[in-house]
Amino acid sequence: MNRVRELLKIDSLHRAGITGAGVGVAVLDSGIFAHADLRGRIAASYDVSDKKQNGSDSDFRGDSHVNGCGMGKDDNIYSKHGFGRAEDDNIYSGHGCGMGKDDNIYSKHDFGRAEDDNGHGTHVAGIIAGDGFLSHGKWRGIAPGARIIAVKVLRKDGLGKAADLMAGMEWVLKNREKYGIRIANISIGARPEGAPEEARLIRGVEALWDAGIVVTAAAGNNGPGAGTVTVPGSSRRIITVGASDDATPVWMGGRRREGYSGCGPVPDTCVIKPEVVAPGGRIMSLAHRYQGYTAKSGTSMAAPIVAGVIALLLGQRPELTPKEVKKLLFETSADLGLPKEKQGWGMVCPEKLLNGKFFR
């Protein structure tokens with residue numbers, strides 16, 4: 001995250017007190033681990049991943065399961081110093097941090113913990129709102145003042161059902177005012193195959209959007225071919241995010257990948273996707289065990305970077321609607337010289353988005 005913050009000049013905003021304070025960001029993912037870097041800012045959590053849904057026709061099956069768009073279980077877990085594997089370390093020992101592995105940092109208003117047994121959701125949440133407490137700020141996220149609402153829709157294996165994602169979105173819609181939810185990040189995707197479930201997911205994200213919630217979604221890791229943006233990122237309304245740096249090879253899912261970022265247009269349409277891109281390769285963020293950090297790659301990591309930038313914007317301009325936020329991204333993103341179906345409008349540019357006012 002230090003590399004990403006430097007590239008996007010985020011630290012200048014933090015020094016000016018621009019942290020996204022009070023902006024609620026719903027993370028629909030694999031849940032969130034009680035990491036010290038998120039202490040006091042997990043406003044609520046809700047778990048639908050193990051609840052039965054009525055009707056089998058709402059389930060994605062086989063290769064159509066919803067899954068996170070980042071790296072898998074073989075990622076290295078680092079201590080706060082990042083010097084190597086720290087799988088057996090309790091990094092609180094002797095540091096006087098006043099918090100042990102079993103402490104509850106969740107809000108008293110929780111509907112029940114959405115604990116992360118996969119790691120994807122914790123990593124995403126750290127990109128958005130980790131405050132870098134255990135790394136002395138090195139791996140601080142984009143909007144460390146934002147409040148996280150954890151909605152667990154993926155299982156331990158990183159897969160989930162369309163019905164669970166729909167239930168999670170419905171919960172966010174119902175509780176948006178209670179928890180001040182302004183942004184929903186969905187680093188989840190399924191290959192577009194024309195199934196009825198896909199239309200339901202599109203309607204779900206667009207219902208959030210129409211209710212005033214800015215939705216950021218990963219473009220998926222099925223590139224570089226045309227029409228490879230995953231559902232629900234294929235919705236024409238929401239903000240779909242690709243990886244700006246996927247020309248650099250990374251290890252993903254146990255194999256070397258490059259050119260993975262999903263590309264437009266949306267099948268059977270002329271809708272160009274993604275809208276914007278952000279770094280997605282080897283992003284260091286929170287691990288879901290040992291109070292550590294881990295590097296992951298994929299468009300799942302790019303989407304929360306943009307969600308965090310939008311949290312910074314809404315913290316300063318809370319009156320903005322999702323449509324107005326999208327228009328500002330269109331006007332301020334930096335053209336990288338890549339094809340439109342690869343980069344959309346270009347790299348998100350916080351300096352222009354916030355009028356350069358707080359940069360020095």
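Visitor: What percentage of the 360 residues in the protein is made up of buried residues?

Guide: Buried residues come to 62% of the 360. Buried means under 20% relative accessible area, exposed means over 50%, and partly exposed is in between, with a 1.4 Å probe and protein chains only. Bear in mind that this is a predicted model, where local features need pLDDT of at least 70, side-chain atom pairs count only at pLDDT 80 or more, and totals for chains, interfaces and linings use all residues. Residues are numbered from 1 along each chain as its sequence is written, and side-chain values use heavy atoms, with hydrogens and water left out.

Visitor: Why does Ser-234 count as buried?

Guide: Its relative accessibility is 14%, and the cut-off is under 20%, so Ser-234 is called buried. You'll find Ser-234 in the loop between β9 (214-218) and β10 (239-243). Strands here are DSSP runs of E, at least two residues long, and helices are runs of H or I of at least four, numbered from the N terminus.

Visitor: What is Ser-234 in contact with, leaving aside its neighbours within four places in sequence?

Guide: Ile-202, Val-229, Val-266 and Lys-273. Contact means heavy atoms within 4.5 Å. Ser-234 and Val-271 sit 37 residues apart in sequence, yet their C-alpha atoms are 8.6 Å apart in space.

Visitor: Which residues lie nearest the centre of the second largest pocket?

Guide: Ser-234 again, along with Ile-202, Val-266, Pro-267 and Thr-269, out of 17 lining residues. The lining has 8 nonpolar, 4 polar and 5 charged residues. Here Ala, Val, Leu, Ile, Met, Phe, Trp, Tyr, Cys and Pro count as nonpolar, Asp, Glu, Lys and Arg as charged, and the others, Gly among them, as polar. A pocket is an open set of points on a 1 Å grid over the protein atoms alone, where a 1.4 Å probe fits, with protein on both sides within 12 Å along at least five of seven lines; lining residues have an atom within 4 Å of a point.

Visitor: Why is Cys-270 called exposed?

Guide: Cys-270 has a relative accessible area of 71%, which is over 50%, so exposed it is. Cys-349 has 16%, under the 20% limit, so that cysteine is buried.

Visitor: How many disulfides are there?

Guide: The count is 0, taking a disulfide as a pair of cysteine sulfur atoms within 2.5 Å.

Visitor: What makes helix α3 largely enclosed by the rest of the structure?

Guide: In α3 (residues 120-129), 10 of the 10 residues are buried, so the helix is largely enclosed. Among them are His-120, His-123 and Ile-127.
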